[in-house]
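Here is a short briefing on one structure. Look over the sequence and the model before reading the notes.

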Amino acid sequence: MSEYAGIHILKNPYHIDNTYDYFVPPDLRESLCEGDFVAVPFGNSNKREIALVVSLKKYPDNANVSCKPVFSICDKALSFSDEMLKLCLFIKQIDNLVGIRILLKLKHDSHTVLGTLIGNIHNIRSLLGLY
């Protein structure tokens, strides 16, 4: 069973959009999977944020840093499939400039696609009571 999760905070700006290690409490270990959305404390103020689990591991990447715990797992209906998670990680690896060009092309070609993506993010945040 994995004791730590590598997560990405959903609303972090590009310059701090990294994988952060979080401690997975024993009561969540059996049900937590890669692709799940979780609530975690983030920053100095420990503000509750929604994050995506991108990896599960036995040990944190940096053993000298104390890891904050995962608060809870969001509704499993919101979880990404393995394929969707791989696609997200692939897109994240694309050079920032190329990523911006893709988004601009999407916006230019189809306002519906971009609007749907943004709308889905807002719907998830609303369902989770983050607004």
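**Briefing**

Asn 46 sits in the loop between β3 and β4 (47–57). Its phi is near 55 degrees, a positive value in a residue other than glycine.

This is a predicted model: local features need pLDDT of at least 70, side-chain atom pairs count only at pLDDT 80 or more, and totals for chains, interfaces and linings use all residues. Residues are numbered from 1 along each chain as its sequence is written, and side-chain values use heavy atoms, with hydrogens and water left out. Helices (H or I, at least four residues) and strands (E, at least two) are DSSP runs, numbered from the N terminus.

**Aromatic pairs**

- Rings of Phe, Tyr and Trp (its six-membered ring) pair if their centres lie within 6.5 Å; planes under 30 degrees apart count as stacked, over 60 as edge-to-face and the rest as tilted.
- By this rule there are three aromatic pairs.
- One of them joins Tyr 4 and Phe 23 edge-to-face, at 5.8 Å centre to centre and 70 degrees between the planes.
- Tyr 4 is in strand β1 (residues 4–9) and Phe 23 in strand β2, so this pair ties together parts 19 residues apart in sequence.
- Tyr 4 is buried at 16% relative accessibility, whereas Phe 23 is partly exposed at 26%.
- Tyr 20 and Phe 42 also form an edge-to-face pair, because their ring centres are 5.2 Å apart and their planes stand at 75 degrees.
- That pair links distant parts of the chain, with Tyr 20 in strand β2 and Phe 42 in strand β3, 22 residues apart.
- Tyr 20 is partly exposed at 23% relative accessible area; Phe 42 is buried at 19%.

**A buried arginine**

- Arg 29 lies in the loop between β2 (20–23) and β3 (37–42).
- Arg 29 is buried but has no salt bridge (a side-chain nitrogen of Lys or Arg within 4 Å of a carboxyl oxygen of Asp or Glu).
- The nearest side chain of opposite charge is Glu 3, 4.3 Å away; Lys and Arg count as positive and Asp and Glu as negative, with His and the chain ends not counted.
- Beyond residues up to four places away in sequence, Arg 29 touches Met 1, Ser 2, Glu 3, Phe 23 and Val 24 (contact means heavy atoms within 4.5 Å).

Note on methods
Buried means under 20% relative accessible area, exposed over 50%, partly exposed in between (1.4 Å probe, protein chains only).
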